Amino acid sequence: MKLFDVYPLNDICIEKAAGSYVWDNKGEKYLDLYGGHAVISIGHTHPHYVKRIEEQLHKVGFYSNSIKIPLQVELAEKLGKVSGKEDYQLFLCNSGAEANENALKLASFYNGRKKIIAFKKAFHGRTSLAVAATDNPNIVAPVNETDNVIFLPFNNEAALEEAFKQHQISSVIIEGIQGVGGIVEAGASFLQKIRSLCDEYNAVFIADSVQCGYGRSGKFYSHDFAGVNADIYSMAKGMGNGFPISAISISPKIAPKHFMLGTTFGGNHLACAAALAVLEVIEQEDLINNAKNIGDYLIEELKKLPNIKEVRGKGLMIGIDLPDELNMVKKDLLFKHKIFTGEAKPNVIRLLPALNITKTEADFFLQAIKTELNP
Ligand SMILES: Cc1ncc(COP(=O)(O)O)c(C=O)c1O
């Protein structure tokens, strides 16, 4: 059998990883500022993470959600504390799309409505409702097309107010910082407006924190910069440092009913052990502050460099918007300087490194990109 060929691949085979570095099968070392797409939050093969998963695997790796799993309770308590939302409720699942799918569905159960507001350039995943709320017709199959999603311009308060007047809105879903959309921040007053309109109309505010959450922005949820709470936060990528786990954190105003949501794999013992290890390291190593400090430093230094159109983002979610003539920089960083970065169309380099990246590693990258910007 062949692989179903859905990804254009770089001709690199990673065999080993530690901290912010990965090594290929020829022994070549790379600095990883991509983290496999914002997934590596506490660094590759962190010793505490490896130990906790290994120990758990010797006890029990999986049993279903039909029994009590104390590790889930421990995870809920820890996540509540680290995220500053201790009165919220946790539902565990397996991927970012699944988290958003459950968030949108739960909102509709809550208020009995169908209409969802999403925004231009949003990305929320590839499953049915999540992809319908994603602004990319190329990945929406005919079966996913629905009139229930209304796309509005990002950061446009007047359009938002108008949509609330015209439709019975169930939920508004928004990334605090658009990732695939090119690292674009939702404005604080826009998020505050979403909060007040959702309160006025009893709609549900869903903060997609799959990419911008889990401390990456310098706060646990990037939406926190606006000083208002969402009703549901979805999270995934950084949560398991590569172990597939995702979740929604749900406001106390939304009451659960048996069987309204469910999953086979979500919240299994091994996944909980991975997620607990991540939160323990985030706390012990003060990684949210490190994300802020190194992020501020990188953004400040990048803004001094020539030939960049714009530097955007917060903490360790940074977009470097380059002019068309510099469309080779990302490839040159990888093949000449051995640095992995991410990208967003048309020509934005995305930095999504581990939250424990050091200043020395940041400086290595700054030196490399400087040489590429001055051809
Ligand atoms: C903001 C956002 N939401 C949802 C998703 C979907 O997550 P997953 O690929 O784990 O389903 C992504 C993935 O890139 C994302 O960036």
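Predicted model: local features only at pLDDT ≥ 70, side-chain atom pairs only at ≥ 80, totals over all residues.
Helix 3 and helix 8 run roughly parallel to each other, because an angle under 35 degrees counts as such and theirs is about 30°.

The axes of helix 3, residues 70-83, and helix 8 are 9 Å apart, and their crossing is left-handed. On the side of helix 3, the contact is made by Leu-71, Gln-72, Glu-74, Leu-75, Lys-78, Leu-79 and Val-82. Helix 8 contributes His-269, Cys-272, Ala-273, Ala-275, Leu-276, Leu-279, Ile-282 and Glu-283. Sorted by class, the residues of this contact comprise 10 nonpolar, two polar and three charged.

Helix 8, residues 269-284, has a further partner in helix 2, residues 47-59. Here the axes come within 9 Å and cross at roughly 155°. The crossing of helix 2 and helix 8 is right-handed, whereas that of helix 3 and helix 8 is left-handed.

As for the residues involved, helix 2 brings His-48, Tyr-49, Arg-52, Ile-53, Gln-56 and Leu-57 to this contact. They meet a set in helix 8 that includes His-269, Leu-270, Ala-273, Ala-274 and Leu-276, and also Ala-277, Val-278, Glu-280 and Val-281. The residues of the contact of helix 2 with helix 8 divide into 10 nonpolar, three polar and two charged.

Helix 6 passes helix 7 in a right-handed crossing. Glu-157, Leu-160, Glu-161 and Phe-164 of helix 6 meet Phe-190, Lys-193, Ile-194, Leu-197 and Tyr-201 of helix 7. By class, this contact holds six nonpolar and three charged residues, with no polar ones.

I turn now to the domains. The assignment divides the protein chain into domain 1, made up of 14-46 and 286-373, and domain 2, which spans 47-284. The C-alpha centres of domain 1 and domain 2 lie 25 Å apart. Across the boundary, 26 residues of domain 1 are in contact with 28 residues of domain 2. Which elements supply the side of domain 1 that touches domain 2? Helix 1 (35-38), helix 9 (287-303), strand 13 (310-314), strand 14 (317-321) and strand 17 (348-351) each give at least two residues. Helix 9 provides the largest share, five residues. In terms of class, this side of domain 1 has 13 nonpolar, nine polar and four charged residues.

Next, the ligand. It is surrounded by 14 residues, of which Gly-96, Ala-97, Gly-125, Val-210 and Gln-211 are the closest. Which element gives the largest share of the shell around the ligand? That is helix 4, residues 96-111, with three residues. The shell consists of five nonpolar, seven polar and two charged residues.

Finally, two details of the backbone. The peptide bond from Lys-345 to Pro-346 is cis, with omega near -5°. Pro-346 is placed in the loop between strand 16 (342-344) and strand 17. Strand 17 is also one of the elements on the side of domain 1 that touches domain 2. The second detail is at Ile-183, which has a positive phi of about 60° although it is not a glycine. Ile-183 is found in the loop between strand 8 (177-178) and strand 9 (184-185).

Note on methods:
Residues numbered from 1 in each chain as written. Near = placed C-beta within 6 Å. Helix = DSSP H or I, 4+ residues; strand = E, 2+ residues; numbered from the N terminus. Nonpolar A, V, L, I, M, F, W, Y, C, P; charged D, E, K, R; others polar. Axes fitted to C-alpha atoms, helices over the stretch in contact; angles between N-to-C directions. Left-handed = near helix turned anticlockwise from the far one by under 90°. Contact = placed C-beta atoms within 7 Å. Domains from an automatic or database assignment. Parallel < 35°, antiparallel > 145°, perpendicular 65-115°, else oblique.
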